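Notebook open, structure loaded. I want to go through the strands, the charged pair and the core, and jot down what turns up.

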Amino acid sequence: MRKFTFVTAAAGMAALAFTATQANAAATISCPGGDIYHGCSFSDVAASGSFFDQIAKNASFDDIFLVTLAKAGDVTITLTNTPVGMTFSSLLFDGNPFTVGVTGTTFNVGAGTYQLRLAGTAGPATATSSYSGTINYNPVPEPATWALMILGFGAVAGALRYRRRETAVRFA
């Protein structure tokens, strides 16, 4: 009986782990007009992606990337690889500003499609300038996931606490 209880608890935890990995498959990023110089990618497994552009010397740019989320969660945007002389006139995620840096800026958002907009002017130092950045998505678990997790912990705790009671036979 005890072995059956532990097997049941292990199966419940495996189901919980499978459910948790499915939550990440709820985000996409698209690049309207993307090519080898301007584009983006997103991995559902890692729940992260990247965006980039290469701009001609002294040219202006206004890049828009669309981020679609099926569930609420935290989105962290990090902009890196900015050459000296490149100036940004607009760094916006759904109208909210973010900054250039290693740490990134985190936004708590609901389900929907959001616009990532980068605008500015390339530097005069080289023939081309480029930037790149990353987007990390951390979905908020749904109430059903929390309930399943709590139920699983309760089943494990019950299995560990359960003791088989031996009945003693007495003759009068």
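Predicted model: local features only at pLDDT ≥ 70, side-chain atom pairs only at ≥ 80, totals over all residues.

Started with the pairing of β4 and β9. I looked up strand β4 (residues 60-69) and strand β9 (residues 112-121), and found them antiparallel and joined by 10 bridges. I picked I64 to see what sits across from it, and its bridge partner in β9 is R117.

Next, the sheet around that pair. I get an open sheet of 5 strands with antiparallel pairing, in the order β1-β4-β9-β6-β7. The edges are β1 (27-30) and β7 (96-97), each of which pairs on one side only.

Then salt bridges. I searched the whole structure and 1 salt bridge came up. Which residue does R117 form a salt bridge with? It is D62, and the closest N and O atoms of the pair are 2.7 Å apart. This links distant parts of the chain, since R117 is in strand β9 and D62 is in strand β4, 55 residues apart.

R117 has 29% relative accessibility, so I put it down as partly exposed. D62 has a relative accessible area of 42%, so it also goes down as partly exposed.

On to S90, which I found in strand β6 (residues 87-93). Why does S90 count as buried? Its relative accessible area is 14%, and the cut-off for buried is under 20%. I also listed what S90 touches, leaving out residues up to four places away in sequence: R117, L118 and A119.

Core next. The largest nonpolar core has 26 residues, and F51 and F93 have the most contacts inside it. I went through the strands that each supply at least two residues of this core: β1, β3 (48-56), β4, β5 (73-80), β6, β8 (105-109), β9 and β10 (128-139). The largest share comes from β4, with 4 residues.

Last entry, confidence. The protein chain averages a pLDDT of 77, and 73% of the residues score at least 70. I flagged residues 18-25, where pLDDT stays under 50. For that stretch I count 9 contacts in the model beyond four places in sequence.

Key
Residues numbered from 1 in each chain as written. Heavy atoms only, no water. Pairing = 2+ DSSP bridges. Buried < 20%, exposed > 50% of the residue type's maximum accessible area, 1.4 Å probe, protein only. Contact = heavy atoms within 4.5 Å. pLDDT = per-residue confidence, 0-100. Salt bridge = Lys/Arg side-chain N within 4 Å of Asp/Glu carboxyl O. Core = buried A, V, L, I, M, F, W, Y, C linked by side-chain atoms within 4.5 Å.
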